[in-house]
Amino acid sequence: VKASNSLSFSLQAKMSRPVQARRLEGIDKNIWVDFVKLAATYSKVNLGQGFPDFPAPEFLTEALTRALSGGNHMLHQYTRAFGHPPLVKVLAQFFEKLLGRDLDPMTNVMVTVGAYQALFCCFQALVDEGDEVIIIEPFFDCYEPMVKMAGGTPVFVPLRPNPPKDGRLMSSADWQLDPAELASKFSERTKAIVLNSPNNPLGKVFSRGELGLIAELCVKHDVLCISDEVYEWLVYDGKQHIRIASLQGMWDRTVIVGSAGKTFSATGWKVGWVVGPDRLLQHLRTVHQNSVYHCATIAQEAVAQGFQRELMLYGKPESYFVQLPKELQQKRDWLVQTLDGVGMKPIVPEGTYFLVADISQFKSDVPDVPNSDEPYDYRFAKWMVKNKGLAAIPLSAFYSEAHKNNYTNFIRFCFAKEEATLKAANDILQKWKQEKTS
């Protein structure tokens, strides 16, 4: 009887202590979980999540096929934990050109599971309890929860829109930092600033002057810079992507984050990297070896071959890094024209996959709900995917809780899509416009 009583008690007993680690409190919501599910359920055309629906370049997929069937069975086994030797070697050669300095492939480069894990390593390795991290708004949404998970405190500074007076469409360049406001965010508690140029979601490419201002403040206050440059090759209209690590005093305090997914239009491969001084990367290696440890060998081999090709073609017209932005600029222009034609005012991006549009003229279609906790752009995007079959992402998802409600008249579209996808989006928007005017 005693045995059966104790068994019955153990089956009924539930844990009363909290199971969730404190560092997860308040960061459980994720825009992508909700909107990817909505898009999968309702969308006819998905311009929401940032991935191309056109093929990766043939030279890259052929490199993967060769790696799979080329007879080197060791490509199916572990490789070096911090990066497959051929990949870190060619990345070091490439970034030597871009940064104008000698790099050691074994200490200045580390390969990660996409740029996402690279960012996670940065925050876990460099941010401590009580450290402040400056984040420029709008920001890629994972920065804030990753800072909090590391025990840090995010401090937000917005890019402020300055609409042009001459009637032209607004550009992402018209969204700017206020130098005094930025300077006021730096204090003795500031450990790092996160820079994302070209910026997701706006498509802003920070100018040399803007980067110089950030660099001066980093040097003055002895602050690190986590520089998310995943869209480094996707810059339009003859603009130039300037790497902040190349500015005076910045190499020793900057970690550059990159992505093969964005570079080679293969986001599902999840190959990313960090480039920086060994004094910083040694701590990222500690996080990496105690989390994922290792990235897929065969994908690293194929990406290495892709970079070897691009190193030979560097700056030449047939380089993928020259061709891809030309193709994407045409897609951007096409979507700008479409949105402008139906009354969704586009903010013309200087770079990235993304374009933000003002939806103010569509307020009568999706009326505001007074006292709603949900920002208007969230409700608009949900209504649009359910009723029109077109998926986009609300811009306020890229803002902190305190500032969300200042930016609820915008949504973000991805234009890195096949012509047929963009044409289908145009058809939906044109039909919607006709319904509004009839």
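Which residue has its charged end over the ring of Phe59, and how far from the ring centre does it sit? The charged end of Arg309 takes that place, 4.0 Å from the centre of the Phe59 ring, where a charge counts as sitting over a ring if NZ of Lys or CZ of Arg is within 6 Å of the ring centre and within 35 degrees of the ring normal. The structure is a predicted model, in which local features need pLDDT of at least 70 and side-chain atom pairs count only at pLDDT 80 or more, while totals for chains, interfaces and linings use all residues. Residues are numbered from 1 along each chain as its sequence is written, and side-chain values use heavy atoms, with hydrogens and water left out.

**Domains and their interface**

- The domain assignment of the protein chain, with bounds from an automatic or database source, gives domain 1 (28–55 + 319–437) and domain 2 (58–313).
- The C-alpha centres of domain 1 and domain 2 are 25 Å apart, and 38 residues of domain 1 are in contact with 44 residues of domain 2, contact meaning heavy atoms within 4.5 Å.
- About 3400 Å² is buried between domain 1 and domain 2, with carbon and sulfur atoms giving 60% of that area; buried area here is the accessible area (1.4 Å probe) that two parts lose on being put together, summed over both.

**The largest nonpolar core**

- The largest nonpolar core has 144 residues, and those that touch the most other members are Phe123, Ile214, Phe307, Met344, Phe380 and Phe413; such a core is a set of buried Ala, Val, Leu, Ile, Met, Phe, Trp, Tyr and Cys residues joined through side-chain atoms within 4.5 Å.
- Helix H4 (residues 85–99) supplies the largest share of this core, nine residues, helices (H or I, at least four residues) and strands (E, at least two) being DSSP runs numbered from the N terminus.
- Domain 1 and domain 2 each contribute at least three residues to this core.
- Leaving aside neighbours within four places in sequence, Phe307 is in contact with Leu87, Val90, Leu91, Phe94, Thr263, Phe264, Trp273 and Phe321.

**Aromatic pairs and charges over rings**

- The structure holds 30 aromatic pairs; rings of Phe, Tyr and Trp (its six-membered ring) pair if their centres lie within 6.5 Å, and planes under 30 degrees apart count as stacked, over 60 as edge-to-face and the rest as tilted.
- The Phe264 and Phe307 rings have centres 5.1 Å apart and planes at 80 degrees, so this pair is edge-to-face.
- Because Phe264 lies in the loop between helix H9 (260–263) and strand S10 (271–275) and Phe307 in helix H11 (residues 297–312), the pair ties together parts that are 43 residues apart in sequence.
- Both Phe264 and Phe307 are buried, on a scale where buried means under 20% relative accessible area, exposed over 50%, and partly exposed in between (1.4 Å probe, protein chains only).
- The rings of Trp383 and Trp432 have centres 5.5 Å apart and planes at 40 degrees, so this pair is tilted.
- Lys436 lies over the face of Phe362, at 4.5 Å from the ring centre.

**Backbone features in loops**

- The peptide bond from Glu137 to Pro138 is cis, with omega near -5 degrees, and Pro138 lies in the loop between strand S3 (132–137) and helix H6 (143–149).
- A cis peptide bond also runs from Asn200 to Pro201, with omega near 25 degrees; Pro201 is in the loop between strand S7 (190–196) and helix H8 (208–221).
- Asp222, although not a glycine, has a positive phi of about 55 degrees; Asp222 is placed in the loop between H8 and strand S8 (224–228) and counts as exposed at 58% relative accessibility.
- Tyr293, also not a glycine, has a positive phi of about 70 degrees, and Tyr293 sits in the loop between helix H10 (278–289) and H11, where Tyr293 is partly exposed at 40% relative accessibility.
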